[in-house]
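Me: I'm new to this one and would like to get my bearings. Can we go through it bit by bit?

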Amino acid sequence: MKTFLCKVCGHIAFNEAPGFCPVCGAPKTSFVEKPDIIQKPGSSQGKGEAEAKHIPKIVIVKKCDLVSGGCVDVHAKIGEAEHPMLKEHHITFIDFYLDTTFLSRVHLTPERLNPAAALHLKRTSGELTVVEHCNVHGYWMATAIL
Ligand SMILES: [Fe+2]
């Protein structure tokens, strides 16, 4: 799967560069293909403690009573060993995708927020992807089936 980086806001698009960045609105020309920008579980760059602190841990909660008609809760925590949220080293954002289509970005403020985010999905099936960005260690991702 190809990965493209928005040079303006750091958003990652899968498969092809979109007409406009869904996060910051920058045009297609702002995207560059970056084949190895995301570290995944088991990747050669992402081993040991770095992997434990950065790979998103995804929890799917099928039963959510918050929205009428029901919804699927998606919780993402960075990572298995909790990532710091210090000014000098923190998670800057978490981007969510369903079947590689962008859903939402959650910006995280260091010192005030935990390295975690949640969404309430309408759809109840598909593959969820979570991409997080650490200001020191870059991009990491994980996927889960709804
Ligand atoms: Fe980090």
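Me: Where is H83 found in the chain?
Reply: This is a predicted model, so what follows describes a prediction. Going by its strands, H83 belongs to a loop, the one between β6 and β7.

Me: Is H83 buried or exposed?
Reply: The cut-off for buried is under 20% relative accessible area. H83 comes in at 3% relative accessibility, so H83 counts as buried.

Me: Which residues is H83 in contact with, leaving aside its neighbours within four places in sequence?
Reply: Heavy atoms within 4.5 Å make a contact. With those sequence neighbours set aside, H83 is in contact with K53, H54, I78, H89, H90, I91, P115 and C134.

Me: Which phi value does N15 have?
Reply: Most residues other than glycine have a negative phi. N15 sits in the loop between β2 and β3, and it is partly exposed, with a relative accessible area of 41%. Its phi is positive, near 75 degrees.

Me: And what about D99, which phi value does it have?
Reply: D99 is placed in the loop between β7 and β8. With a relative accessible area of 34%, D99 is partly exposed. Here is another positive value in a residue other than glycine: phi is near 50 degrees.

Me: Is C21 buried or exposed?
Reply: C21 is in the loop between β2 (12-14) and β3 (31-33). Anything under 20% relative accessible area is called buried. C21 has 4%, so C21 is buried.

Me: Which residues does C21 touch, not counting those up to four places away in sequence?
Reply: For a sense of scale, K7 is 14 residues from C21 along the chain, and their C-alpha atoms are separated by 10.0 Å. Once residues up to four places away in sequence are left out, C21 touches C6, C9, H11, A26 and F31.

Me: Stepping back, how many helices and strands are in the protein chain?
Reply: Read from the N terminus, the elements go β-β-β-β-α-β-β-β-β-β-β-β. That gives a count of 1 helix and 11 strands.

Me: How compact is the chain, going by its radius of gyration?
Reply: The C-alpha trace spans about 40 × 35 × 30 Å along its principal axes. For 146 residues the globule rule gives 15 Å, and the chain's value is close to that, so it is as compact as a globular protein of that length; its radius of gyration is 15 Å.

Me: What share of the residues is buried?
Reply: The surface side first: the chain exposes about 7,800 Å², with carbon and sulfur atoms supplying 53% of it. Among contacts with a separation of 6 or more, 55% are between residues 24 or more positions apart. As for buried residues, they make up 45% of the 146.

Me: How far apart are the centres of the positive and negative side chains?
Reply: The chain carries 16 positive and 15 negative side chains. The centres of those two sets lie apart by 4 Å.

Me: Which strands are at the edges of the open sheet?
Reply: The sheet has 5 strands with mixed pairing, in the order β4-β11-β10-β7-β8. An edge strand pairs on one side only, and that holds for β4 (38-39) and β8 (101-107).

Me: How does β4 run relative to β11?
Reply: Strands of a sheet pair through backbone hydrogen bonds, either parallel or antiparallel. I38 has Y139 as its bridge partner in β11, and Q39 stands opposite W140. In all, 2 bridges join β4 to β11 (residues 138-145), and the two strands run parallel.

Me: And in which sense do β10 and β11 pair?
Reply: A hairpin of 3 residues joins β10 to β11. Across the pair, H133 stands opposite Y139 in β11. Strand β10 (residues 127-134) meets β11 over 8 bridges, and the sense is antiparallel.

Me: How many of the residues in β11 are buried?
Reply: β11 has β4 and β10 on either side of it in the sheet order. The strand is mostly covered, and of its 8 residues the buried ones number 6.

Key. Residues numbered from 1 in each chain as written. Predicted model: local features only at pLDDT ≥ 70, side-chain atom pairs only at ≥ 80, totals over all residues. Heavy atoms only, no water. Helix = DSSP H or I, 4+ residues; strand = E, 2+ residues; numbered from the N terminus. Rg over C-alpha atoms; globule rule 2.2 N^0.38 Å. Buried < 20%, exposed > 50% of the residue type's maximum accessible area, 1.4 Å probe, protein only. Areas by Shrake-Rupley, 256 points an atom, 1.4 Å probe, with all protein chains shown as cover. Lys, Arg positive; Asp, Glu negative; His and termini not counted. Charge placed at Lys NZ, Arg CZ, Asp CG, Glu CD. Pairing = 2+ DSSP bridges.
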